Each structure stands twice: as C-alpha cells, then as structure tokens.
Amino acid sequence: MPDRVEVRIPDDVRLHVETSGPADAEVTAVLLHGWTLDGRSWHRQVAALRETYPSVRVVTYDARGHGRSSCMALPTATLAQLGDDLAAVLDSTAPTGQVVLVGHSMGGMTIMEYAHRHPEHFARRTAGLVFVSTTAEGHTHTVYGLSPRIARIIRLAETTGAGVLARCGSWRPPRALLRALRPSIRWMLFGERCDPADIRLVTSAVARASLRSIGGFRASIGAQHRLETLAALAHLPAAALVGDRDRLTPPPCAESIAEVLPATELVVCPGAGHMLMMERPEEVNTALSGVLRRVLDASPVHGC
C-alpha cells in the first residue's frame, strides 16, 4: 500500500500525495494527472513501476481543487500555480536524487510551467520527461475532431460555461448529472475502445473535482505556450505519446513537442483517444520504462 501524506502549500492549500518506494531513492518518478482527474488515473503505471523498478520511488498527487486535495482561491487556478505546486511537492516528498516527470494533459503542461518558472530547480532535479496526451500550445490544435466552424462554437460555449463554473466555489458536480453525461465523457475522452471500469473511474474523478477547478483552469490551459521552454530541454531523455483519435490534444500537439525535443521518442497509438494511460497502458508503460532505464543507466549508482 502507498504512503499517504499531505503537502501544505504556502497559500494553505493541502495536496493529497501518495508515495511508494525508498525515501532515499536515486530516482523518483512523479506522475501528474490531467484536468478534472486525480492521481488514480495512473494506477496501471504505478503498479507496473512498483513491480519492475522496486528501487524507484513513485509519487502521485491530486492537483489543487481535484480529488482529495483542498479547493483554492480562484486566482490560483492557473498552470503557473500548478508549476509552483510541483516544485513544493518535489521538495517535500523527493528532496534528494533525480526525478523523471510524467504528465498527462494538464499534468504535462504543469511540468512545462515548472520548467519555465523554476529553471534552476528544474535543471538540478529533472533527469527525464514523459508527455502523455498533452500540448505546449494551449488550444491551438483542439478542434474536438470536428470542423473548425463547429469547434469555434463549442469553444465559445465552453468558455462561457467555464466562467460560470469557476464562480461556484468548492461545490462538486452532481453525480446524477455525471451519469447522464457519461456518453459525452466517453466520446470526448476515449477512442475506439473503452473499458467500462475506466469510464467509471474517470466519472468518479470528475465528481471529486471542484466546480471552481473545472471552470477556473480553463483559461490558463487554453492560453499556455511553452515550446520555447521545451526547446531548452533537448538534452533530456524524453517520450511523447498521443492517440490518433484524441479530440483534445490531437497528434499535432505531440508532434510539435517532438520537433523541439529532437531526441524524444514519439509514439502515436492508432484508435486511441485522450486517456492513453488507460486505453494503451502497455505503450505508456514501455515508453516510461525506456526513459527510466536511460536515467538509471546514467546515474552514478547504476552507471559505469
């Protein structure tokens, strides 16, 4: 069983963190979830890491306003704040050794913001990167798999709705409403195949997210552009994965990341949607293992 700890951020937000593996590990893998989800979305990767790499410390946590973490003031519902939170989690739960950062969707954008806002801290700690269904260009490529005209209408409705939700504080979405919206959630987030257990987990995660976080992070996510930040990280072992049916962060998002990180392993999963760690766990596990192996082989303890 993982150890559960609480990390308190300076603005008094409490983050729910789960850790496993040696506290003094040479390498720690930190897995960051996407918007409206929580740390449980990585359960297949956490299980694989524990079995394959017992010497590696594994950290997952629920972002502010998500899962079992506390809600926050609306002005802090930004990717910039999430980047600061990541630095705080690293200092608290993995203060020594190297880290491999693994981010899905908003989690990947959090990693980029951490690199942008804390370049020295990032350079001192980070040894590898894995980007899963994410983007460095905000909503530039997001058309929901529809025509640009329809996408603009949806974007306008989404932006208006997000503004309303952001003012609803710590309230959670009604579970009855989420059950009714399950077909829409399935269409938006998954590709050709979807395990019923996965859609139940996703719906459960959305039910735990505060309405403030569901609406509040929308503007920051849409506006972020961090390709220049990534270009400075080209020396790190990295992987980028995307599903060719991803309606939120389609293949051009991963391709642009790979363009500025030339050594990145780019994996496009046919028939998969946005939830790659659930839809294609073996592909995600293999890519993560590849980056971890390179980091471990280069570390003083494991290297030549």
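Is aspartate 297 buried, partly exposed or exposed, and what is its relative accessibility? Aspartate 297 is partly exposed, at 42% relative accessibility. This is a predicted model.

- Aspartate 297 pairs with arginine 293 in a salt bridge, and their closest N and O atoms are 3.3 Å apart.
- Both residues belong to helix α14 (residues 281-298), where aspartate 297 and arginine 293 are four residues apart, or about one turn of the helix.
- Arginine 293 is partly exposed as well, with a relative accessible area of 37%.

- Aspartate 12 is partly exposed, at 46% relative accessibility.

**Salt bridge between two loops**

- A salt bridge links arginine 245 and glutamate 192, whose closest N and O atoms are 3.0 Å apart.
- Arginine 245 sits in the loop between β7 (238-243) and α12 (251-260), and glutamate 192 in the loop between α7 (182-189) and α8 (196-208), so the pair ties together parts that are 53 residues apart in sequence.
- Arginine 245 has a relative accessible area of 42% and is partly exposed.
- Glutamate 192 is also partly exposed, at 47% relative accessibility.

**Salt bridge total**

- Side chains of opposite charge can pair when their charged atoms come close.

**Cysteines**

- The model contains zero disulfides.
- A disulfide is a covalent bond between the sulfur atoms of two cysteines.
- Cysteine 194 is partly exposed, at 22% relative accessibility.
- Cysteine 269 is buried, because its relative accessible area of 2% falls under the 20% cut-off.

**Second largest pocket**

- The second largest pocket holds about 240 Å³ of space.
- Its lining consists of 18 residues, and those nearest the centre of the pocket are Glu18, Gly39, Arg40, Val46 and Thr60.
- At least two lining residues come from each of β2 (14-20), α1 (43-52) and β4 (57-61).
- Sorted by class, the lining of this pocket has seven nonpolar, six polar and five charged residues.

Terms used
Residues are numbered from 1 along each chain as its sequence is written. This is a predicted model: local features need pLDDT of at least 70, side-chain atom pairs count only at pLDDT 80 or more; totals for chains, interfaces and linings use all residues. Side-chain values use heavy atoms; hydrogens and water are left out. A disulfide is a pair of cysteine sulfur atoms within 2.5 Å. Buried means under 20% relative accessible area, exposed over 50%, partly exposed in between (1.4 Å probe, protein chains only). On a 1 Å grid over the protein atoms alone, a cavity is a set of points where a 1.4 Å probe fits but cannot get out, and a pocket is an open set with protein on both sides within 12 Å along at least five of seven lines; lining residues have an atom within 4 Å of a point. Grid points are joined across faces, edges and corners, and a volume is the space filled by probe spheres set on the points. Ala, Val, Leu, Ile, Met, Phe, Trp, Tyr, Cys and Pro count as nonpolar, Asp, Glu, Lys and Arg as charged, and the others, Gly among them, as polar. A salt bridge is a side-chain nitrogen of Lys or Arg within 4 Å of a carboxyl oxygen of Asp or Glu.
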